[in-house]
Amino acid sequence: MGHAHSHEHPEDAQSYYVDQLCTIGICGALGGVAVMMWVKRQEMLQHAVIPAFHWMVLTSGIALLLFSAIRAVSLWFSVGTPAAHRHGPDTALDHAHEHGPGCDHSHAHDHAPAHEHGPNCDRTHDHDHPHDHVHGPDCNHTHEHDHDHPHGHGEDDHGHSHAWNPLRYTVLLLPIALYFLNLPNSGFGSEHALRNLSKDDLQNSGLEKVDDRGRVELGFRDLERAAYQESQRQLYEGKTGVLRGQFVPTNKDNVCRLVRWKMTCCAADAIPLNVRIISPESYGAIPAGQWVEVEGQIQFRKNDRDEYAPVLQLKSRNDIRKIEPETNPYLP
Amino acid sequence: MRADGIAPLFGARGAGKLPAAETRFRATPDHGQRITVENNVRTFIQIFAGIFYEALPFIVLGAIIAGFLEEFVPQRLILKLIPRNRFLAIVLGALLGLPFPMCECGILVIMRRLLRKGVPLSCCVSYMLAGPIINVVVMLSTYVAFTGMESTTDSSGRLTNQMGGVAMVTARMLGGFLVAVGTGLVVEWQHRRHGNKLLAADLAADMPASQEDPDATVLEKRPSQLTFPQRIGNVAEIALHDFVDITVFLILGALIAAFARLTISHNDVEEISRNQPAVAILLMMGLAILLCLCSEADAFVAASFIALRPSAKIAFLVLGPMLDFKLYMMYLRVFHPRLIWSIILSVVVQVFIYSMLLHFLWETYGPRLSSALADR
């Protein structure tokens, strides 16, 4: 039931090519942005996804560039070449498509007299007719049509519309625009941290290493849940901890929180880990979000929910020192 | 990250002139407002970029697989592999994530091509819903996130009755499977009543009239004499088309998710749902819809709600990969709104019932399991 016919639809052709060129352009641009993020602006990627994803973004960028190039070449060759593509809208394009049993779309045909019918077909046509024909599964006749019909590509191609729709390309420009604006270029602010920390949320400790004169290195997960387990609390209680993080003030000028963001995959799943720092005196001028290193005694105190929470008790405000931000501000 | 990356946002430039407390808390209203808006916009962009660049590689991969699937895999082969019994086909669909692991963003692109190849709609839906949960990567990440949680104690040293890694993985997989199969059956029933009207308009136009008879499906639509480079050209066209089509909706969904993430905090949810299992489950389901997390990452977020009941965490982990803003926007490219709402209703109701059942079972039998595990 192969059924070759020629289309002529000039407006469709124009919108088809504009659409295809835009698709190639936008995919190429997105691929380029993904590659350039990896090559030149890793710090932008760092704020969006964890390092393990960086090469995946690069690979997807390369793949997009590659497929855009392939498509550009194939589109170039399909122009003016008959039968190059099964639904290229070239004028007088011979394009073979098959009709399923449910297909009943109507073509206004100008039948050329020389058309071939299958062996069981004994119909003769010698007229110009707009007809609704249905090809059954056993139908294998071939028509040579020369028809001029206004069907949109979306009806008999593989189910998608090629109508030029500028709106969707505008949406796709967003990541490209962000790249040129150099965004995101900084980590979460302390306001976002404060919003995500409940008033007495102390259960997560951002401690990375504990120095008890004998330098005890501990895994992050142990510390994260230390407050919840009696044996762990006993292990840490009273030891000196050194902690690096971002300073987040509270409404008391001698109490602050130190926050580290823990990113599992991307910025959307980042959660703030924090520990409360208590100083015997006011901290002085430390801006919110400043990276600091704090050295103090680890204690576990009950909060108003009757749960233990880790606290770092300082000897003086000099135990809190401003430092340069970590190369990767996010904990894995 | 720049050394001054954050500081200027919080008034650091004036820090030398004013005492600390004044710098932080007595900024002029205008200045304070500007800082908040600027900071919110930056956080918004960061979350949006996070969701977008995390999903990008998977969508590209999905689109390329979709291109090859469309161009090189014969429809008859796929139809041969699907069991004739529709229930078995749905069950098979739900387990397809084991050999073909894919996250929820990529799976949608592939599923759309499978549909066009004549795979029954219900089977596709069960693969789409369960695939992002029942796969090895997600099992591992869930296991790692919850390992050791069973020994969590409260301040008086009592076990808090949490689930550990193995229990969470089992409960999540089972939940994902049951809900996906249940929804597959609902979709099958709907499809028998309404046919291909349940699909998005341009997809429905290209679908076989009936999926009951595999012989009656659309056949391959390509001249067999295409050369290899021409076929690769076709793969590129399909891949780029699918990529653009789905990415538009990914971006729109990511924008909504970033906004939701900015306005709602985890702790609001944890605070409200402390002692109400049903409320906790519903709130965590709402949070899953708002946050649009990837199924590989959501276990770590769920684990951060340490004190929350395991049943609410399971509700979050089962619903999240099946339904969120981003997915809803992407579903619009595949399904008719009628089917989307059938799927949403079916998934939400089943996840809630499953989580409530789990809650009662775990509250009754869980403590024994927990103590047994903690004693080890």
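Where in chain A does Asn182(A) lie? Select Asn182(A) and you'll land in the loop between α4 and α5 of chain A. Keep in mind as you go that this is a predicted model.

**Stop 1**

Most residues other than glycine have a negative phi, and most peptide bonds are trans. Buried or exposed, what is Asn182(A)? Asn182(A) is exposed, because 10 other C-beta atoms lie within 10 Å, and the cut-off for exposed is 12 or fewer.

Now pick Leu183(A) and Pro184(A). The peptide bond joining them is cis, with omega near -5°. Pro184(A) also sits in the loop between α4 and α5 (190–196) of chain A.

**Stop 2: α4(A) against α10(B)**

Two packed helices are described by the angle between their axes and the distance between the axes. The crossing of α4(A) past α10(B) is left-handed.

Show side chains for the residues in the contact. From α4(A), take Arg168(A), Val171(A), Leu172(A) and Leu174(A); from α10(B), take Val244(B), Thr247(B), Val248(B), Ile251(B) and Leu252(B). Colour this set by class and you get seven nonpolar residues, one polar and one charged.

**Stop 3: α12(B)**

Move along chain B to helix α12, residues 277–291. Which residues of α12(B) are buried? Highlight Ala280(B), Ile281(B), Leu283(B), Met284(B), Met285(B), Leu287(B), Ala288(B), Ile289(B) and Leu291(B). Then step just past the helix to Cys292(B), where phi is positive, about 55°.

**Stop 4: the two domains of chain A**

Back in chain A, colour domain 1 (3–83 + 111–180) and domain 2 (190–331) separately. Their contact takes seven residues from domain 1 of chain A and six residues from domain 2 of chain A.

Zoom in on the domain 1 side of chain A. α2 (42–48) and α3 (51–78) of chain A each supply at least two residues of the side that touches domain 2. The largest share, three residues, comes from α2(A). By class, this side of domain 1 of chain A has five nonpolar, two polar and no charged residues.

Conventions: Residues numbered from 1 in each chain as written. Chains lettered and ligands numbered in written order. Predicted model: local features only at pLDDT ≥ 70, side-chain atom pairs only at ≥ 80, totals over all residues. Left-handed = near helix turned anticlockwise from the far one by under 90°. Helix = DSSP H or I, 4+ residues; strand = E, 2+ residues; numbered from the N terminus. Contact = placed C-beta atoms within 7 Å. Nonpolar A, V, L, I, M, F, W, Y, C, P; charged D, E, K, R; others polar. Buried ≥ 20, exposed ≤ 12 C-beta atoms within 10 Å, placed from the backbone. Expected span 1.5 Å × (residues − 1). Domains from an automatic or database assignment.
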